[in-house]
Amino acid sequence: MLIGTLLFQLFASFIGLYNSWRGYYGFSLIRNTIIIWGLSSLTLLALLTATKTGGEFSRVWLVLWLGTTLTALLISKGIIYGFAAYLRSKGINQKSVIVIGNLGGISKVSKQLENAKWSGFKVTKTIEVNSIEDLDTLNIHAISSEIWLTLPVTEGKLIQSLLIKLRNHTQNI
């Protein structure tokens, strides 16, 4: 059991199970949990076979243990994820976001976040940038956790200039 737990932790850290799941739908969390559980289980079974210690464990016990751990994982993750989404929809555990981009992108992102209160993101400031000249007047002094860019990929030079301008900011971009 200890080796199985360590294997799960190892795979979970590589695949990113313990990263922030804020703003993601629960299906992604469930999928990644099942993938990590499967990798851990297969690796554990391969280790038992390679070391020829598989005969020391009952197959019924192994199946029950693996099934129980998957069920407990999914139930616990679902409860915690659901509770966190509930708290965020009530305004607790919010992350503030500055949205920079063109008017269309800003309004689309703001509307999506308004409809997804469970994600825990709140737009605190919007800044419209349409050209490189607009960057000279860019003033970001609002306290926020993240800065989101909503410019289209076709505006590559503007995005690059904007990233250079924001390189000394401590927010996630």
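This is a short chat about a predicted model of one protein chain.

Visitor: How many helices and strands does the chain have?
Guide: There are five helices and three strands.

Visitor: In what order do the elements run from the N terminus on?
Guide: The order is α-α-α-β-α-β-β-α.

Visitor: What share of the residues in the chain is buried?
Guide: Of the 173 residues, 32% are buried. As for surface, the chain exposes about 11200 Å², and carbon and sulfur atoms supply 63% of that area.

Visitor: And the contacts between residues at least 6 apart in sequence, what part of them joins residues at least 24 apart?
Guide: That part is 72%.

Visitor: Let's go inside. Which residues make up the largest nonpolar core?
Guide: It has 12 residues in all, including Leu7, Phe8, Phe11, Leu17, Leu29, Ile36, Leu44, Trp65 and Tyr81.

Visitor: Which elements give two or more residues to this core?
Guide: They are helix H1 (2-15), helix H2 (26-50) and helix H3. Apart from this core lies another one, of 10 residues, with Ile100, Val129, Leu151 and Leu166 among them.

Visitor: Back to Leu44. What is Leu44 in contact with, leaving aside neighbours within four places in sequence?
Guide: Leu44 is in contact with Ile3, Gly4, Leu7 and Trp65.

Visitor: Trp65 keeps turning up. How many aromatic pairs does a search of the whole structure find?
Guide: The search finds two. In one of them, the rings of Trp61 and Trp65 have centres 6.0 Å apart and planes at 0 degrees, so this pair is stacked.

Visitor: Where do Trp61 and Trp65 sit relative to each other in helix H3?
Guide: They are four residues apart in helix H3, so about one helical turn separates them.

Visitor: Is Trp65 buried or exposed? And what does Trp61 count as?
Guide: Trp65 counts as buried because its relative accessibility is 18%, under the 20% cut-off. Trp61 counts as partly exposed, at 39% relative accessibility.

Visitor: Which residues form the edge-to-face pair?
Guide: Phe121 and Trp148 do, at 5.0 Å centre to centre and with 65 degrees between the planes. Phe121 lies in strand S2 (residues 121-128) and Trp148 in strand S3 (residues 146-149), so the pair ties together parts that are 27 residues apart in sequence.

Visitor: What do Phe121 and Trp148 count as in terms of accessibility?
Guide: Phe121 counts as buried, at 12% relative accessibility. Trp148 counts as partly exposed, at 22%.

Visitor: New topic: Asn32. Where is Asn32 found?
Guide: Asn32 is found in helix H2. Asn32 is buried, with a relative accessible area of 12%.

Visitor: What does the side chain of Asn32 make a polar contact with?
Guide: The partner is the side chain of Arg31, at 3.4 Å.

Visitor: One more asparagine, then. Where is the place of Asn93?
Guide: Asn93 is in the loop between helix H3 (59-89) and strand S1 (95-101). Asn93 is partly exposed, and its relative accessible area is 43%.

Visitor: What is phi of Asn93 near?
Guide: Phi is near 65 degrees, a positive value in a residue other than glycine.

Methods:
Residues are numbered from 1 along each chain as its sequence is written. This is a predicted model: local features need pLDDT of at least 70, side-chain atom pairs count only at pLDDT 80 or more; totals for chains, interfaces and linings use all residues. Side-chain values use heavy atoms; hydrogens and water are left out. Buried means under 20% relative accessible area, exposed over 50%, partly exposed in between (1.4 Å probe, protein chains only). A nonpolar core is a set of buried Ala, Val, Leu, Ile, Met, Phe, Trp, Tyr and Cys residues joined through side-chain atoms within 4.5 Å. Contact means heavy atoms within 4.5 Å. A polar contact is a pair of N or O atoms within 3.5 Å; within protein, one must be able to donate a hydrogen and the other to accept it, and residues adjacent in sequence count only if both atoms are side-chain atoms. Accessible areas come from the Shrake-Rupley method with a 1.4 Å probe; for residues, only the protein chains shown count as cover. Rings of Phe, Tyr and Trp (its six-membered ring) pair if their centres lie within 6.5 Å; planes under 30 degrees apart count as stacked, over 60 as edge-to-face and the rest as tilted.
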